[in-house]
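I opened this model to look up a few things and write them down. These are my notes, kept in the order in which I looked.

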Amino acid sequence: MSTLPVIDKFTGERFGEVLIASPEDVDCAVGDAARAFPAWSATPAHERSRVLRRASELIDARREMLATTIAREAGKAWKHADGEVSRSVETFVFAAEEAKRIHGETIPMDASPAGEGRIGFYLRTPMGVVAAITPFNFPLNLVAHKVAPALAAGNTLVLKPAEETPLTAVALADILAEAGLPDGVLRLVHGEGPTTGEALVRHPVPAKISFTGSPPVGRLIMSLAGLKRVTLELGNNSGTIVEPDADVARAIPRCVMSSFANAGQVCISLQRLYVHDAIAESFIREFVRQTEALTVGNPLDRTCDVGPLISDDAADRAERWIREAESEGARIVTGGRREGRVIWPTVLTGTRPEMKVMCQEAFAPLVSIVTYRDFDEALRLVGDSPYGLQAGVYTRDLHKAFAAVRRLDVGGIMVNDTSIFRVDHMPYGGNRMSGIGREGVRFAIEEMTNIRMVVISP
Ligand code: NAD
């Protein structure tokens, strides 16, 4: 069997490995999950809930180990890795709670003459085996967003974590086993997307595919899925507007964090920041000052704010896009520097909508600050994107907030916050190129269950 090395993304050291799953191994894993389904789906809700709650306690207890694994294999700054562990604790608590309230509703059958005299209601039933595929950037919490709702709903699952970050998922699977999850209910398969991932997608048994990753892979998975139900959580080039009437002092540090946390490798990272002309000069000055105060480098350093990118390729691409924007007339106000996989937080001005740093997903620590005069124009610019995940608008004017809520075709609008805000029980997902369906524990459960209608005649 061949192995996949796991690399420390800052030092380049090989510090672990996992076995690569062949198509036959994928078939075995799906077979195990299918055999485990009858018993797990018949397990009472209170018992499923207990396993999930116990898992959340164990995640909390193993915080140090999990955060360190995330920091090493994903290159995520330790404090953000620790924050991810906290969110995963919550995701499992939400799933433990939701496991106890998966229910349908009664239907007034006599609304139709044909239904008179009947009683109708529906149940939500588990679907079977869920095939889950996850990206590198949140190796614990995005795995949790597949595993916890699937288990809460009574499904079994086969998970393929990102090839760059498999060890966190392995640690989570161990925790679930220790929490009492029966054997076979969760199976992990490791390997590259086009081989192991595609073998899982093409397998005929899973009833549902839950994918988080890039739009091109999402599109491919959709085309391979056939009649399986599919949830796709894809990318974005998120925008946020700052109006002059806003609490600008509050907005600036939040915008800085939103642009550079996890080295910009967040699907709702702030990439396009629209700042009104009237405040632009002082805003940019303070934004740059706070950006330059960030600690850049080793993610295991507890004060680190910005660690390395996930790969040399990712750093090469980010560097290329910054240089290209510069050669097309943009100005690098700060950053643009690179050492190994680390790209210094980069602020650009003078960018235009057609530049790659604006119109494509950067997934790197770079942000363009664009000035505008008219709020309607700013809304149009934020909306001028094939993506539609989340957007932000800072304003104290309710009319402007309403206009943003009504006009932007996105899955979530954050008023007086940036695009990056998320808590794990809210519905989360995108429109158009940002995906299909929603996660957020209750909403993921809805997408991982079938409706079974029951009609009782006298
Ligand atoms: P990616 O699409 O390269 O890989 C994601 C997963 O898909 C990995 O496990 C990979 O092995 C697998 N994969 C790749 N090719 C495959 C194939 N042909 N068949 C089956 N599986 C395949 O994405 P990434 O680089 O790991 O993550 C970055 C992307 O994920 C960005 O676009 C980001 O916006 C997106 N993302 C979205 C969300 C969200 O919730 N909307 C969250 C995090 C990341």
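Entry 1, a strand pair. I looked up strand β18, residues 390-394, and found that β18 and β19 pair in the parallel sense over 4 bridges. Gln390 stands opposite Gly412 of β19. I note here that the model is predicted.

Entry 2, the sheet around that pair. I asked in what order the strands of this sheet lie. The sheet is open, has 7 strands and mixed pairing, and runs β12-β15-β16-β11-β10-β18-β19. The edges are β12 (331-334) and β19 (412-415); each has a single partner strand, so one side of each is left without a neighbour in the sheet. On average, neighbouring strands here are turned by 25 degrees against each other, direction ignored.

I then went to strand β1, residues 3-7, and strand β2, residues 14-19, which run antiparallel and are joined by 5 bridges. Pro5 has Glu17 in β2 as its bridge partner. Between β1 and β2 the hairpin has 6 residues. Gly12 in the turn has a positive phi of about 85 degrees.

- Phe363 has a phi near 50 degrees. Phe363 sits in the loop between α12 (356-359) and β16 (366-372). Is Phe363 buried or exposed? Its relative accessibility is 19%, and buried means under 20%, so Phe363 counts as buried.
- Arg432 has a positive phi of about 50 degrees. Arg432 belongs to strand β20. Arg432 has a relative accessible area of 40%, so I list Arg432 as partly exposed.

I found Ser419 in the loop between β19 and β20 (431-432). Ser419 is buried, and its relative accessible area is 0%. Which residues does Ser419 touch, not counting those up to four places away in sequence? I listed Ser238, Gly239, Thr240, Ile268, Ser269, Leu270, Gln390, Ala391 and Gly392. Gln390 is the residue I had already noted opposite Gly412.

I looked up the space in the largest pocket and got about 1000 Å³. Its lining has 44 residues, and Pro135, Phe136, Gly213, Ser214 and Val217 lie nearest the centre. I sorted the lining by class and got 23 nonpolar, 11 polar and 10 charged residues. Which elements each supply at least two residues of this lining? They are α7 (193-202), β8 (208-212), α8 (215-224) and α11 (312-327). The most comes from α8, with 7 residues.

Entry 7, the second largest pocket. This pocket holds about 370 Å³ of space. I counted 21 lining residues, of which Arg87, Phe138, Met257, Val266 and Ile420 lie nearest its centre. The elements that give two or more residues to this lining are α4 (78-98), α5 (141-152) and α9 (248-260). The largest share, 5 residues, is from α4. By class I have 11 nonpolar, 4 polar and 6 charged residues in the lining of the second largest pocket.

Notes: Residues are numbered from 1 along each chain as its sequence is written. This is a predicted model: local features need pLDDT of at least 70, side-chain atom pairs count only at pLDDT 80 or more; totals for chains, interfaces and linings use all residues. Side-chain values use heavy atoms; hydrogens and water are left out. Two strands pair if DSSP finds at least two bridges between them. Axes are lines fitted to C-alpha atoms, for helices over the stretch in contact, and angles run from 0 to 180 degrees between N-to-C directions. On a 1 Å grid over the protein atoms alone, a cavity is a set of points where a 1.4 Å probe fits but cannot get out, and a pocket is an open set with protein on both sides within 12 Å along at least five of seven lines; lining residues have an atom within 4 Å of a point. Grid points are joined across faces, edges and corners, and a volume is the space filled by probe spheres set on the points. Ala, Val, Leu, Ile, Met, Phe, Trp, Tyr, Cys and Pro count as nonpolar, Asp, Glu, Lys and Arg as charged, and the others, Gly among them, as polar. Buried means under 20% relative accessible area, exposed over 50%, partly exposed in between (1.4 Å probe, protein chains only). Contact means heavy atoms within 4.5 Å.
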